[in-house]
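Subject: Structure for your review

Dear colleague,

I am handing over the structure we spoke about, and below it you will find notes on what was found. Please read them with the coordinates open beside you.

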Amino acid sequence: MKLIKKVVTFILVTATLLVSTSFSVPKSSVFASIDPFISVRLSTMRNISSIKINVSGSYFIPERDNAAISRGQYTISISKNKIYLTSKSGTSYCLDKSFTLRAEGVSLNNYISVSNPSYGTCKYTGDMKISIEDKKLAFINTLHIEHYLMGVVPYEMSEAQAVESLKVQAIVARTYAMRIMEANRDNEYHVVDTTSNQVYKGYNSTRKKSIQAVKDTDGIILMYNDKIAKTYYSESNGGITESISSAWGGGDNVSVIREDPFDKHSSVVRRLSKTDISDSDAATFKSAAKKAVEAMGYLYDSVEIVSINKITPVFKSEPTSLSQSKRRTDKLIITLTVKAKADSSKKQTVSPNNDGYATFSVDISSTRGDSLRWFFSFSLPSALFTVQDNGNEFVFTAYGNGHAVGLSQSGTYARVKAGQNFMQILEFYFPKAKLSKMEYTPIKDSIAASGVSGDEMSQLSIFEIPYNAIIYTDSYIDVYSGAGILYERTEKLYNGTYITVLGESKGWYHIFTEDIRGYVKKDCVFMQDMQSPITQVPDVNSGNTFYIIATATHEFGLNVRNTPEINDINKIGLLSCGEKFMVIDKISDEWYSIYYGGTVGYVNAQYVEISEESYSIINKYATVSVSLATIHSCADNSASAVIGKLYKGSIITVIASENNGWYKILHNNGIAYISEKYVKLSDITPSNESFYTVNDGGAYIYSEPNTDAIRDTMISGEEKITGVVKQNGWVSVTYNGENVFLRACDVTVVIKDGSIENNKHTEFKVINRYGIVECEVLNVRSSASSNDNNIIGHLFSGDKVFIDSISSQWCTIIYKNKVAYVDASHIKFSEIKIDIPFVEAKKDISTLLGATSTSQHVSAIKKGDKYQLLGALGGCYRISFNNQLCYVSTQDTVVKNETITVIPSISKVRIVVSALNVRQGMSSDTQCVGVLQLGDIASITNVFNGWYEISYESNGNIICGYIDTSYAVIE
């Protein structure tokens, strides 16, 4: 079986976009020769000179004579303008200024994990090219476009949406990517991983609905005039779609301007003072007034903007069904009062004063189309807006969010809820397009991913059929990355280990096991004759329960399906060639049922090689009984490698007892071993256990029963999970083959008789009152967790604290004018209520966006105006003025009372994007602690430059964090 890299071309077939649930197309026309491998520049990974990566699956380096790379952790760094790849053992290789980690074949099991500074931990499938640019590392990920889309769809559209909505997004995103690929076919890369093209965060197996949507629409794109259509999309069109020529000029109007009654748009208000004009706006107005000022005989360089007198919108001509004032704005005519000095070489149309200056009016015109959104220093979310003259200011009310060209995601959600399918939705937003289907046809190329040098390639014999073998030695033998002792030693194989032999070269075997791939010397390997496949696989429920080990043999991978039939929509996974798995039963001559990802799947028997290895199944759950237990690759503490860890309360499935103090268990879809002394067997079998469903809104996964161990992974609502135990507010589950934890408040127990145990906690309430410390010394923490590193101070018995809010375990308090947390069990609550004082301004003062003197100015408070004091932060007071949350300098406010430390949650924000990450800190690099959806409301607890500190209730618990002010509006 020769290992090769799969390359494909497109065969394209086209059909008119039909309003139906399926369509057929003639298999005739052939698409231009663009292969389906897209190259993505990871522009989010900049300014990196050293990074750790984890390699999973089969990879090799073509620049190093196709040397194979074993699984595990490596460090990539720059030294003396060259790249070095260093293994965990310390072995280092110099790879000059560029090299590629190339995957063997196309498989989701081949991926490279890295910590992306912008997106967190990402798994990138396919090839990864690493090079030096400007003395830093640069990364280009080349992968199959369908795998690329699995890393795009869940981040351009929320995973919480229906699969039908995600299908629409998948087709539009695929078409967009294909068009960019065609335009950039000769470039080093096609797209970047940000909103400059499409957000791409790599493969995440938990984004199941998005992955299914990509699979369900495999190869489908939109065509217009026999070319790939320009498929743009935005969050909300405000109720009116836009065309390409109207927004940006040019042709190719695959979209048209029309009303969209399904777009549930929001509105955003922006205010423009007539006289308090920002430097940025003044510069824009001055530039636009140049021609008019000079025509009146005045010097452009001397122009000062005095005021804005009038703003007149010029509306677009479509849609004709709406009155002009309800259409999208094309441009603005703005009347300004300016002051300028006369040009002595010209005649003035307005007479100057004695000092040579004159004050007069001029009309200017704004930019046109979609660019109008950025004409003013404040940005408008869309070009669909109204302008109202309120005396001292102009008020802009904008509808929707984005350019509105092509697909509206908000409209898509509503149309799916109304019963429309993906073709009906595409027909509305791209009425001139045709659906086209690409067939991916494999072509074998000349790259052999064998892991040997060019000199050895001609002497490497790849067996047509792999052989089973066993390691025969006194203790262990070394595994090398290539066929020779000069290659890196990557692993050890111990006496008695079963292996699969793929080929031989100069006294070496090319082998792999479940976890290891590489080369070993032939003299330590005992070859076995190939056996005929087992024809009778016992029924798992027959009483004599045992499993059979099998191996996938198809060189491009073996599809795992949820039913024993070949259907594009029933794929649930892919097994790599050579990957081992457990057969449960042979259900026919064509199908095996297997254990896959914690559930039962089905594979085609034609591509399955059955081994003689089998073992009995205890079929019991066990619970980890110690605080931390290690799991091993074999039942020998001294000889096996540690391959993972489990925390107290973790649930595991025990397969067999090894009779030497070890249990064989299921772990990450495979086999592992754990000492019997670390676990306690349960009398409950998997089939009799109750199960859990995730509550509305989803639930985050934790690697440990600790809120600090959150992963950037969420299980969608109403997902069924089996194999659980509830302990100290946590639920231990097996999810996607891994032992992970969920908060008990995020799930609901369904007992085997169908009854429901309510786990929701609704104790949280905003109280805004004082509490008294009841213990001798109470730790004050920067976050709501019992972590020794987050202690920022102490309170003592009898101390009085202001309680902003309380959950089941923690009180949110104000400590030294900052938000902090204390254990609620040590606080006695006082009935003293908090009166929030009003202050009368003694002079004109400015309000600020943040609690620093350098923050942006928001508005002006006139002498005699009243405003409400909410708290003291540094050199500023937090105030409420005209229902707006802002700050004023303490130097501008006289407070007769004692120092204000009250910071209640009085202001609200509404989310204006489809999904917004809530961050642990004021940076997109920090951990995600929650997700807010379009229209969700949260309470503001603080405002900083560009960030809101917010809190909101989720499933009876309070989530605290930070959101970008660009994606929320104050209610």
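A crossing of two helices counts as right-handed if the near helix is turned clockwise from the far one by less than a right angle, and as left-handed if it is turned anticlockwise. Please keep in mind that this is a predicted model. In that sense of the term, helix H3 passes helix H9 in a right-handed crossing. The contact draws on Glu164, Lys167, Val168, Ile171 and Val172 from H3, and on Phe422, Ile425 and Leu426 from H9; of these residues, six are nonpolar and two are charged, while none is polar. H3 spans residues 163-183 and H9 residues 422-429, and the two pack at an angle of about 50° with their axes 9 Å apart, which makes H3 oblique to H9.

E14 runs parallel to strand E2 (residues 37-41), to which two bridges join it, and Val192 in E14 is the bridge partner of Arg41.

Another open sheet is formed by six strands in the order E8-E7-E6-E3-E10-E11, with antiparallel pairing; its edge strands, E8 (92-94) and E11 (120-125), each pair on one side only, and the twist from one strand to the next averages 25°. Within this sheet, E10 (residues 111-116) pairs with E11 in the antiparallel sense over six bridges, and Ser113 stands opposite Lys123 in E11.

Best regards

Note on methods: Residues numbered from 1 in each chain as written. Predicted model: local features only at pLDDT ≥ 70, side-chain atom pairs only at ≥ 80, totals over all residues. Heavy atoms only, no water. Axes fitted to C-alpha atoms, helices over the stretch in contact; angles between N-to-C directions. Helix = DSSP H or I, 4+ residues; strand = E, 2+ residues; numbered from the N terminus. Parallel < 35°, antiparallel > 145°, perpendicular 65-115°, else oblique. Contact = heavy atoms within 4.5 Å. Nonpolar A, V, L, I, M, F, W, Y, C, P; charged D, E, K, R; others polar. Pairing = 2+ DSSP bridges.
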